[in-house]
Amino acid sequence: MSNDHISATPDLEHTCPSRRHLLRIAALAAPAGMLMATGTAAVATEKASATGERISANGKVAIVTGSSRGIGAATARRLALDGYSVTINYLHNQDLAQDSVAYIENAGGKAISVQADVSDPDAVRKLFDATQEAFGGVDVVVSNAGVMRLASFASMSDEDFDRMMAVNLKGGFNVLRLAAQRVRDCGRIISLSSSITQLRSPTYGPYAASKGAQELFASVLAKELAGRQISVNAMAPGLVNTTLFTDGKTPEQIAGFAQRTPHQRLGEPEDIAHVISALCSGDGMWINGQTVFANGGVI
Ligand SMILES: NC(=O)c1ccc[n+]([C@@H]2O[C@H](COP(=O)([O-])OP(=O)(O)OC[C@H]3O[C@@H](n4cnc5c(N)ncnc54)[C@H](OP(=O)(O)O)[C@@H]3O)[C@@H](O)[C@H]2O)c1
C-alpha cells in the first residue's frame with residue numbers, strides 16, 4: 001500500500017468520455033483542411049489523448065454508501081486511488097470510516113465521512129448535501145449499504161424482514177432517487193445487488209428479493225437518464241469475504257463455499273472494488289442498464 005499515490009492534479013474539464021471519443025473519431029476522419037477549420041476540436045482531442053488511456057478521474061466526486069467496512073470500504077479506497085474525492089458513509093462504525101478517510105488523505109487524496117442511515121430519506125439528502133458542500137458536486141454514486149438476515153419462509157421474523165426492506169429496498173431507492181437528481185452529466189450510478197438473485201438458495205428469499213430490486217432499479221433508471229451520458233448498473237457480487245457473508249457460518253462451511261468457486265477461494269472486497277472502478281472509468285460507459293455478476297464464476 002505504501003506505493004499507492006493519489007494525484008492531486010485537478011482535471012477541471014469534466015469532459016464526457018463519449019464526447020472525447022467523438023471528437024477523436026471526428027479528428028481522425030476529417031480531411032486536413034477541415035482539421036484546420038475545427039481547431040478547437042483538434043486541441044480538445046489532443047488533450048483527451050494525453051489523459052484518456054489511464055484510469056483517472058481527478059477532480060470528480062464519489063459517494064459510496066456503507067463504506068466503513070467490507071466492499072464499500074474497498075470501493076471507496078479504490079475510487080480515491082483513481083482520483084475521486086470520496087464521501088465515506090457509515091451507520092455505526094465511525095472509527096472505521098475515519099480509518100478510511102485517514103488512509104485516503106495519507107495517500108494524497110480527499111475524503112470525508114458522513115453518518116447517515118440510508119433507510120431515512122432526510123439522512124440521505126444530508127449525505128448528498130454534505131458531499132456537494134465539501135467537493136462541489138457528485139459524479140459517481142455507489143449504493144452499497146446493505147444488511148442480510150437469513151431464515152426460511154416459515155421462520156423469518158417480521159423484524160428481520162422489515163429491516164432488510166428498509167435498508168436494502170427503501171434505502172437503495174432513497175439513494176438512487178438523490179443520485180438521479182444530483183449526479184452530474186457523464187456520471188456513474190451503481191447499485192449493489194447479489195449473485196443470490198440467480199443462485200436462489202434456501203433461506204435467502206427476502207434478501208434476494210431486496211437485491212433483485214436493485215437490478216430492476218438500475219435498468220429503469222438507466223433509461224430515465226437518457227441523454228445525460230450517465231451509465232447506471234447493478235453490481236452483483238457473490239461469496240465475498242466480509243462479515244455480512246461469514247457471520248453465522250462455521251469455518252468448515254466457509255471453506256466449502258470457497259471450494260465451490262472455480263478459483264477455489266472466497267472473493268475479497270477488493271475483487272469487487274476493481275470491477276466497480278472499471279465501470280466508473282470512461283471505458284466502462286457502454287455497460288449501461290445491466291447487472292454485472294462478479295462472483296469468481298460460482299454461477
Ligand atoms: N459479502 C458478500 O458476499 C456480498 C455478496 C453479494 C452482495 N453483497 C452486497 O454488497 C453490499 C456490501 O456488503 P458487505 O459484505 O461489504 O457488507 P458489510 O461488510 O456487512 O458492510 C456493510 C456496510 O453497510 C453499512 N450499513 C449497514 N446498514 C446501513 C444503513 N442503514 N445505512 C448506512 N450504512 C449502513 C455498514 O455500516 P456500519 O459499519 O456503520 O455498520 C457497513 O459499512 C451489500 O449491499 C450486500 O448486500 C455482499
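Modeller: Let's start with the ligand shell: its residues divide into 15 nonpolar, 17 polar and two charged. Here Ala, Val, Leu, Ile, Met, Phe, Trp, Tyr, Cys and Pro count as nonpolar, Asp, Glu, Lys and Arg as charged, and the others, Gly among them, as polar. Before we go on, this is a predicted model, where local features need pLDDT of at least 70, side-chain atom pairs count only at pLDDT 80 or more, and totals for chains, interfaces and linings use all residues. Residues are numbered from 1 along each chain as its sequence is written.

Biologist: How many residues surround the ligand?

Modeller: A residue is near a molecule if its C-beta atom, placed from the backbone, lies within 6 Å of it. The closest ones are Gly66, Gly70, Gly146, Thr242 and Leu244. The elements giving two or more residues to the shell are α4 (70-81), β2 (85-90), α7 (158-182) and α10 (243-246). Around the ligand, the count is 34 residues.

Biologist: How many helices and strands does the chain have?

Modeller: Helices (H or I, at least four residues) and strands (E, at least two) are DSSP runs, numbered from the N terminus. On that basis the chain has twelve helices and seven strands.

Biologist: Which residue of β4 is the bridge partner of Val64?

Modeller: β1 (residues 61-64) and β4 (residues 140-143) run parallel, joined by three bridges. Ile63 has Val141 as its bridge partner in β4. For Val64, the partner is Val142.

Biologist: Are the β4 residues Val140, Val142, Val141 and Ser143 buried or exposed?

Modeller: A residue is buried if 20 or more other C-beta atoms lie within 10 Å of its own, exposed if 12 or fewer, and partly exposed in between, with C-beta atoms placed from the backbone. Val140 and Val142 point one way from β4, while Val141 and Ser143 point the other way. Whichever way they point, all are buried.

Biologist: Which helix does the chain pass through from β4 to β5?

Modeller: β4 and β5 run parallel and are joined by four bridges, with Val140 partnered by Arg188 in β5. The β-α-β crossover between them is right-handed, a label given if, with the strands pointing away from the viewer, the path from the first strand over the helix to the second runs clockwise. The helix on that path is α7.

Biologist: Why is Ala76 called buried?

Modeller: Ala76 sits in helix α4. Leaving out residues up to four places away in sequence, Ala76 touches Val64, Ser67, Val86, Ile88 and Ser100. Ala76 is called buried because the other C-beta atoms within 10 Å number 32.

Biologist: What is phi of Cys186?

Modeller: Most residues other than glycine have a negative phi. Cys186, in the loop between α7 and β5, has a positive value. Cys186 is also buried, with 20 other C-beta atoms within 10 Å. Its phi is near 75°.

Biologist: And Arg200, is that residue buried or exposed?

Modeller: Arg200 lies in the loop between α8 (196-199) and α9 (205-224). Its phi is positive too, near 55°. With 11 other C-beta atoms within 10 Å, Arg200 is exposed.

Methods: Pairing = 2+ DSSP bridges. Contact = placed C-beta atoms within 7 Å.
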